[in-house]
Amino acid sequence: MGTVEYIQHHLTNNTIGEGFWTFNMDTIIVSFLLGALIIFVSARLGKQLETGTPGGFQNFVESILDFVATNVRDAFPGHNPLIAPLALTIFIWVWLMNFMDLIPVDLLPWLFQMITGDSHAYLKVVPTTDLNTTLAMALTVFALILYFNIKIKGVGGFIKMFLFHPFGKFFIPVNIVMTFIEEISKPLSLALRLFGNMFAGELVFLLIALIGGTLAVGAAALFWAPLQVVLDLGWLIFHLLVITLQAFIFMVLTIVYLGMAHDEGH
Amino acid sequence: MSINATLLIQIIAFVLLIWFVNKVLWGPLSKLMEDRQKKIADGLSAAEKGKHELELAEQKAKEVLKDAKAQAQNVLSQAEKRGSEIVEDAKVKATEEAERIKAAAQAEIEQEVSRAREQLRKEVASIAVSGAEKILGKEVNAAAHNDMLEALVKQI
């Protein structure tokens, strides 16, 4: 199998359906499983909550909660009971989906191919390397931004924001364009940043995997295989930072955007 | 690779997950953490209050002790005073008693002396008469010499 085919194969979703009504089953199933994992673990934890002396795992979860709550307090003016659970969901879910990137790139597809018996079955395991996932979250956040903008500022205030911001009342056409771009860029930047980082990270993993796979022939494998291990480990450790950072950025930007929507100063 | 219906599924999944996370994770756990925070704050303030109360109690105890000490001192000094008074009293009484006894003894002595003198006087008169009778060999008329006898008795 050639290099191009190898990479293309790894970057193709396992789909059902045609045209727009295509469903990327791998993306959907993996993200649902991870969501179910969150709910399952939370529910199990919820049954044995300790007020006085929390055990190890509860401590861990509490520290995540505390971290998220601190970020919400710092970046969000006022109080909205939706923001903190939203931020928490984004942080955990995105982190878990990103984490799929750290599982050896060929392991899950190989297992899947063994199970199905189809040596050409597609499986793209990282849901955040699918633009559908990141854009879905970004659009949900965008919907919330619009909702709270209108709820807090009123329809009139929302229209005024388009008309008189950022350059005052003498540049109304410019203001409309500017504000429109500003608002649209929020979901786009959210979705594309996460997608781009994860996609690129996955690609680098694939390239590193290729070193030992297709380049190494015969005695050259003695050189290429250790190099692959070293590079893979290095990129893995670096990527562990990236996936956490990306989950954190998505969360913080969501909080900040919603905070801006709550800001009546504009 | 392109946008398709997966987007809709993922939006639904995301919204559902937010709802679930709020229900099973954020809700109970944040409530628990808040409760704990409140409990700790309450405990701390109670401890502070207790400390303050302890201080007050210590101060009060000190005051009470001081009072008691002062009272004890007072009682002691009063007792001393009273003691010395009693002793003084007793001294005075004893002196008076001694004086009285001395005076009584003196009076008795004087009485005794005067009685003895009286008796002596009488005896001297009779001795003188009988002596004179013996010398004269006859009865002396006491009445006749009464004046002389009385003068004699008075000389004793």
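The largest nonpolar core of this predicted model has 54 residues. A nonpolar core is a set of buried Ala, Val, Leu, Ile, Met, Phe, Trp, Tyr and Cys residues joined through C-beta atoms within 7 Å. A residue is buried if 20 or more other C-beta atoms lie within 10 Å of its own, exposed if 12 or fewer, and partly exposed in between, with C-beta atoms placed from the backbone. Ile83(A), Ala87(A), Leu88(A), Ile90(A), Phe91(A), Trp93(A) and Val94(A) touch the most other core members. Two or more residues each come from H2, H3, H4, H6, H7 and H8 of chain A and from H1 of chain B. Helices (H or I, at least four residues) and strands (E, at least two) are DSSP runs, numbered from the N terminus. H4(A) gives the largest share, 12 residues. Leaving aside neighbours within four places in sequence, Phe91(A) is in contact with Val68(A), Ala247(A), Phe248(A) and Met251(A). Contact requires C-beta atoms, placed from the backbone, within 7 Å.

Residues are numbered from 1 along each chain as its sequence is written, while chains are lettered from A and ligands numbered from 1 in the order in which they are written. Because the model is predicted, local features need pLDDT of at least 70 and side-chain atom pairs count only at pLDDT 80 or more, whereas totals for chains, interfaces and linings use all residues.

The chains meet through 36 residues of chain A and 26 of chain B. The chain B side has 19 nonpolar, five polar and two charged residues. Ala, Val, Leu, Ile, Met, Phe, Trp, Tyr, Cys and Pro count as nonpolar, Asp, Glu, Lys and Arg as charged, and the others, Gly among them, as polar.

The axes of H2(A) and H1(B) come within 9 Å and cross at roughly 10°. Axes are lines fitted to C-alpha atoms, for helices over the stretch in contact, and angles run from 0 to 180 degrees between N-to-C directions. H2(A) is therefore roughly parallel to H1(B). Angles under 35 degrees count as roughly parallel, over 145 as roughly antiparallel, 65 to 115 as roughly perpendicular and the rest as oblique. Contact residues include Phe32(A) and Ile39(A) of H2(A), and Leu17(B) and Phe20(B) of H1(B). This contact has 13 nonpolar, seven polar and no charged residues.

H3(A) packs on H1(B) at about 85°, with the axes 11 Å apart. H3(A) is thus roughly perpendicular to H1(B). Val61(A), Glu62(A) and Leu65(A) meet Leu29(B), Ser30(B) and Met33(B).

Notes. Two residues are in contact if their C-beta atoms, placed from the backbone, lie within 7 Å.
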